[in-house]
Amino acid sequence: MENKKSNRLFFKKIKDTDIEKLKSILQNKDLMLIGWGKIYSDDEVNKWLEKIQNQYSKYGFSYYFIHEIVTENLVGLIGILPVDIKNIEYIELAYIIKKEYWGQGYALESGIVAIDFIFNNLNIDKVIAQILPENISSKKVVEKLGMTKINSYIRIQNGEKKLHSIYILNKECNLKKLNCRDVIKIV
């Protein structure tokens with residue numbers, strides 16, 4: 001996913017030297033309390049960074065920074081993550097967009113690039129997203145990406161039971177819909 005670009009965005013691997021950038025997101029209460037239910041301590045950010053580096057080594061993918069092409073400003077994070085839900089392995093699409101960039105279509109644009117990468121570079125035939133039912137904005141984004149709700153389950157998140165909706169997009173179904181490349185140029 002690194003070096004992928006869309007009309008307005010580019011994506012970069014997260015490096016060991018990016019700890020302050022990660023803190024600007026993972027320690028931001030406006031962002032983290034919505035989908036994650038917590039703000040990360042300095043130690044937790046360091047562990048999160050280590051986990052990302054391990055995923056890069058093991059799978060070749062994980063979270064990536066999203067940057068604007070014109071300004072090079074950090075917009076947020078997009079993740080391509082291996083997950084296990086009820087003993088079934090999936091690849092999950094996850095994202096966090098900084099509040100000042102909400103409502104500008106960056107989550108959708110990043111999602112399109114990530115799904116294109118998952119289907120066409122990783123050759124994986126389905127992708128999921130896990131959404132808290134009260135996160136209406138994220139629900140709208142995944143639905144615009146063509147995802148369909150298939151199930152809900154209780155997930156333990158930060159020691160609490162939280163209902164999550166599971167949305168899925170199959171490669172075959174995606175090909176029948178409007179091709180993402182027609183909407184956003186992916187390089």
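**Glu-2 and onwards**

A: Let's start with Glu-2, which counts as partly exposed at 30% relative accessibility (buried means under 20% relative accessible area, exposed over 50%, partly exposed in between, with a 1.4 Å probe and protein chains only).

Q: Before we go on, what kind of model is this?
A: This is a predicted model, where local features need pLDDT of at least 70 and side-chain atom pairs count only at pLDDT 80 or more, while totals for chains, interfaces and linings use all residues. Residues are numbered from 1 along each chain as its sequence is written, and side-chain values use heavy atoms, with hydrogens and water left out.

Q: OK, and what is the mean pLDDT of the protein?
A: The mean is 88, and 90% of the residues reach 70 or more (pLDDT is the predictor's confidence in each residue, from 0 to 100).

Q: Where is confidence lowest?
A: In helix 7 (residues 180-183), with a mean of 40, whereas strand 2 (residues 63-68) has the highest, at 97. Helices (H or I, at least four residues) and strands (E, at least two) are DSSP runs, numbered from the N terminus. Over residues 178-187 pLDDT stays under 50, and for these the model has 22 contacts beyond four places in sequence (contact means heavy atoms within 4.5 Å).

Q: Back to Glu-2: what is it in contact with?
A: Leaving aside neighbours within four places in sequence, Glu-2 is in contact with Phe-11, Lys-12, Lys-13 and Tyr-64. A polar atom of the Glu-2 side chain lies 3.3 Å from the backbone nitrogen of Lys-13. Glu-2 itself is in the segment before strand 1 (9-13).

Q: And Asn-3, buried or exposed?
A: Asn-3 is exposed, at 65% relative accessible area. Its phi is positive, about 75°, although it is not a glycine. Asn-87 also has a positive phi, of about 65°, without being a glycine; that one lies in the loop between strand 3 (74-85) and strand 4 (88-97).

Q: Switching topic, which residues touch the most other members of the largest nonpolar core?
A: Met-1, Ile-14, Leu-22, Leu-26, Leu-77 and Ile-78, out of 52 residues in that core. Helix 4 (residues 106-120) gives the most to this core, with 9 residues. A nonpolar core here is a set of buried Ala, Val, Leu, Ile, Met, Phe, Trp, Tyr and Cys residues joined through side-chain atoms within 4.5 Å.

Q: Last one: which residues of helix 1 meet helix 3?
A: Ile-19, Leu-22, Lys-23 and Leu-26 do, and they meet Asp-42, Val-45, Asn-46, Trp-48 and Leu-49 in helix 3.

Technical notes:
A polar contact is a pair of N or O atoms within 3.5 Å; within protein, one must be able to donate a hydrogen and the other to accept it, and residues adjacent in sequence count only if both atoms are side-chain atoms.
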